[in-house]
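Which definitions lie behind the terms used to describe a protein model, and how do the computed values meet them?

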Amino acid sequence: APACSPLRPLSHPHSHPHPHRSVIHEIDFHPQSSTSTRHICSCSHGGGLLFHEFINNKGGVRSKPIDSVDECFNIRTAQYHPHCGQFVLCGGDACYVRLYDIEREQGYIAQRNDDDLDQHIAQVRWSATGHVFAACTDGGDIRLYDGRSMMVVNTLRRAHRGAPLTDIRFNKDGRFLLSAGDDDQARLWDMRMGAQCM
C-alpha cells in the first residue's frame with residue numbers, strides 16, 4: 001500500500017452500486033481485462049467513481065455496474081494503475097490527488113503544499129511503469145509524484161505561463177511528458193531534467 005496517510009474507508013456497496021447522475025468526465029479500461037470480460041471505471045461531475053463489468057456472451061455484450069465510490073467533490077479524471085486494477089488515481093474539484101485501493105477499501109491523499117490549496121486537479125496520469133504519476137492543475141502547475149510514497153518529487157510551476165492545464169501524457173519510458181493547456185499550446189517536458197524540450 002502507498003506510504004501515505006489513510007483517508008477513510010471507501011463506500012463499497014457491492015449489492016447496489018448507483019449509476020452516475022451527471023456528466024461523465026473520463027473512463028478507463030482495467031489493465032487486466034480479458035476478451036470475454038472487461039472492467040472499466042468512470043468518473044462523473046456528481047462526485048463518484050463507478051466500476052462496470054462488460055461480459056461478451058452469445059446474446060451480445062452485457063454491462064452492469066459492480067461497485068461505486070462516492071466523493072464530496074466533482075471527479076474529473078481517473079486512471080487505473082497500469083499493471084493492476086487494485087489502485088485507481090483520481091482528481092477533480094479539490095486541491096489534492098486521491099488514490100483508491102479497491103481491494104482493501106481504503107483511500108489515500110497524495111502530498112500537497114500550502115501553495116496548491118487554490119488549484120484543482122485537471123488530470124492525473126500514471127507512467128507506463130507505475131513508478132511515478134503526474135497531475136496537472138487549473139492553476140497551471142504540473143506535479144510529479146513518486147508512485148509508492150505519493151510524495152511530490154518535482155513541480156513545474158506555471159508550465160504554460162500560468163494558463164490552466166487540460167491534458168498530460170507520459171511517453172513509453174516515462175522520461176518525457178506532453179502537456180496541453182488553455183494557451184492553445186502543446187509542450188514537451190524532460191522529466192529527468194525538469195525542463196521544457198519544445
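The questions and answers that follow concern a predicted model.

Q: What makes up the secondary structure of the protein chain?
A: The protein chain holds 17 strands and 0 helices. A strand here is a DSSP run of E with at least two residues.

Q: How many residues does the protein chain have, and what share of them is buried?
A: The protein chain has 198 residues, and 48% of them are buried. Its accessible surface comes to about 9,800 Å², and carbon and sulfur atoms account for 51% of that area. Of the contacts between residues at least 6 apart in sequence, 46% join residues at least 24 apart.

Q: What makes a set of residues a nonpolar core, and which residues touch the most other members in the largest one?
A: The members must be buried residues of the listed nonpolar kinds, joined through side-chain atoms within 4.5 Å. The largest such core has 17 residues, and L49, F51, A78 and V88 touch the most other members. Two or more residues each come from β3 (37-44), β4 (48-57), β6 (75-80) and β7 (87-92). The most, 3 residues, are given by β6.

Q: Which residues is L49 in contact with, leaving aside its neighbours within four places in sequence?
A: Contact requires heavy atoms within 4.5 Å. On that criterion the partners of L49 include H20, S42, C43, V69, I75, A78, V88, C90 and Y100.

Q: Why is β4 described as largely enclosed by the rest of the structure?
A: Of the 10 residues of β4, 7 are buried, so the strand is largely enclosed by the rest of the structure. Its antiparallel pairing with β5 (residues 60-70) runs over 10 bridges, and L50 stands opposite S68 in β5.

Q: How do you know that C43 is in no disulfide?
A: A disulfide needs two cysteine sulfur atoms within 2.5 Å. The nearest cysteine sulfur to that of C43 belongs to C41 and is 7.1 Å away, and C43 is in no disulfide. The structure as a whole holds 0 disulfides.

Q: Are C43 and C197 buried, partly exposed or exposed, and on what value does each class rest?
A: Buried means under 20% relative accessible area, exposed means over 50%, and partly exposed lies in between. C43 has 0% relative accessibility and therefore counts as buried. C197, at 42%, counts as partly exposed.

Q: Why are β10 and β13 called edge strands?
A: The open sheet of 4 strands has the order β10-β11-β12-β13, with antiparallel pairing. β10 (121-126) and β13 (152-156) each have a single partner strand, so one side of each is left without a neighbour in the sheet. From one strand to the next, the twist averages 15°.

Q: How do you know that β10 and β11 pair?
A: Pairing requires at least two bridges found by DSSP. β10 and β11 (residues 132-137) have 5 bridges in the antiparallel sense, and V124 stands opposite A135.

Q: Why is R125 called buried?
A: The limit for buried is under 20% relative accessible area. R125, which lies in strand β10, has 9% relative accessibility and therefore counts as buried. Beyond its neighbours within four places in sequence, its contacts include E26, T77, A78, F133, I168 and F170.

Q: Where are M150 and R161 found, and is each buried or exposed?
A: M150 is in the loop between β12 (142-146) and β13, and its relative accessible area of 0% makes it buried. R161 is in the loop between β13 and β14, and its relative accessible area of 71% makes it exposed.

Conventions:
Residues are numbered from 1 along each chain as its sequence is written. This is a predicted model: local features need pLDDT of at least 70, side-chain atom pairs count only at pLDDT 80 or more; totals for chains, interfaces and linings use all residues. Side-chain values use heavy atoms; hydrogens and water are left out. Buried means under 20% relative accessible area, exposed over 50%, partly exposed in between (1.4 Å probe, protein chains only). Accessible areas come from the Shrake-Rupley method with a 1.4 Å probe; for residues, only the protein chains shown count as cover. Axes are lines fitted to C-alpha atoms, for helices over the stretch in contact, and angles run from 0 to 180 degrees between N-to-C directions.
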